Amino acid sequence: INLLQNSPEQLKYLQGRGLSAQTVKKFRLGYVRSTVYDDPANWSEDKRGKKSIWIPEGIIIPCFVDDDVCRIRIRQSNPRGSDRYVVISGSSSQPFMAPVHPALPLLIVESELCAILLYQEVGDIVNVAATGSSSYRPDVILDKLIMDSDQVFYSLDFDDAGKREFKWWKHRYPKIHPL
């Protein structure tokens, strides 16, 4: 596992998506050069009976709560099937949230990389959260942030799943607006 500064191809890919090297470092993005099968004891005591934790080659997108890693998602370099993103076994399903500034509007997106880019570009005027999937629901932390925000915008992927899920979000949070 390497920092992206040691993986110029991957850093170039992220810079091509608009992320600066400073942002990549701030959000501690990394890279797994080749697939790893790690000992479950290194990850969590609740993995008894599991022989190994699969960590595919790709960009590491960590999610932190109070500076502790709660989830690791990998954007695979060579995906199996159609799943480009993999959440490492034992990770929480908590949504990704960029640093929050009270009293700013909230923008909810699907992809962590999109949320990171938005934070880089407009983080001084809007809070940003990413669900990780159109079907994932807010946890208690994101729910509270939504309830406490004066303005909430929904901008999940504009595919069938994103459009379908908006109905749930609008029912749960009537003040939410699509972008």
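Analyst: Helices (H or I, at least four residues) and strands (E, at least two) are DSSP runs, numbered from the N terminus. The model is predicted, with local features needing pLDDT of at least 70 and side-chain atom pairs pLDDT 80 or more, while totals for chains, interfaces and linings use all residues. Residues are numbered from 1 along each chain as its sequence is written, and side-chain values use heavy atoms, without hydrogens and water.

User: What makes the largest pocket a pocket, and what is its volume?

Analyst: On a 1 Å grid over the protein atoms alone, a pocket is an open set of points where a 1.4 Å probe fits, with protein on both sides within 12 Å along at least five of seven lines; lining residues have an atom within 4 Å of a point. A volume is the space filled by probe spheres set on the points, which are joined across faces, edges and corners. For the largest pocket this gives about 360 Å³. Its lining consists of 17 residues, and those closest to the centre are Phe 64, Val 65, Met 97, Ala 98 and Pro 99. Two elements each give two or more residues to this lining, namely strand S5 (58-65) and strand S8 (96-97). S5 supplies the largest share, 4 residues.

User: Which strand gives the largest share of the lining of the second largest pocket?

Analyst: That share, 3 residues, belongs to strand S7 (residues 85-87). The second largest pocket holds about 290 Å³ of space. There are 14 lining residues, and Arg 73, Tyr 85, Glu 110, Gly 132 and Ser 133 lie nearest the centre of this pocket.

User: Why is Ser 111 called buried?

Analyst: A residue is buried under 20% relative accessible area, exposed over 50% and partly exposed in between (1.4 Å probe, protein chains only). Ser 111 has a relative accessible area of 15%, and therefore counts as buried. Its place is the loop between strand S9 (106-109) and helix H3 (112-122). With residues up to four places away in sequence left out, Ser 111 touches Arg 17, Tyr 85 and Ala 130, where contact means heavy atoms within 4.5 Å.

User: How do you know whether Gln 94 is buried or exposed?

Analyst: Its relative accessibility is 15%, so Gln 94 falls in the buried class. Gln 94 belongs to the loop between S7 and S8. Not counting residues up to four places away in sequence, Gln 94 touches Cys 63, Val 65, Cys 70, Arg 71, Asp 139 and Ile 141.

User: Is Val 24 buried or exposed, and how do you know?

Analyst: Val 24 has a relative accessible area of 2%, so Val 24 is buried. This residue is part of helix H2 (residues 21-26). The C-alpha atom of Val 24 is separated by 9.8 Å from that of Gln 120, although the two residues are 96 residues apart along the chain.

User: Why is Tyr 37 called exposed?

Analyst: The relative accessible area of Tyr 37 is 53%, and so the label exposed applies. Tyr 37 lies in strand S3 (residues 36-38). Its contacts, leaving aside neighbours within four places in sequence, are with Ser 52, Ile 53, Trp 54 and Arg 80. Between the C-alpha atoms of Tyr 37 and Lys 51 the separation is 8.9 Å, for residues 14 apart along the chain.

User: What makes the phi of Asp 66 worth noting, and what is the phi of Asp 67?

Analyst: Most residues other than glycine have a negative phi. Asp 66, however, has a phi near 50°, a positive value in a residue other than glycine. The phi of Asp 67 is near 70°, likewise positive in a residue other than glycine. Asp 66 is in the loop between S5 and strand S6 (68-76), and Asp 67 lies in the loop between S5 and S6. Asp 66 counts as exposed because its relative accessibility is 72%. Asp 67 counts as exposed because its relative accessibility is 53%.

User: How do you know whether the span of helix H5 agrees with its number of residues?

Analyst: The expected span is 1.5 Å times one less than the number of residues. Helix H5 (residues 160-172) has 13 residues and should therefore span 18 Å; its end C-alpha atoms are 19 Å apart, which agrees.

User: Which residues of H5 are buried, and what covers them?

Analyst: The buried residues of H5 are Ala 161, Gly 162, Glu 165, Phe 166 and Trp 169. Their cover includes S9, helix H4 (140-148), strand S11 (152-155) and strand S12 (176-178).
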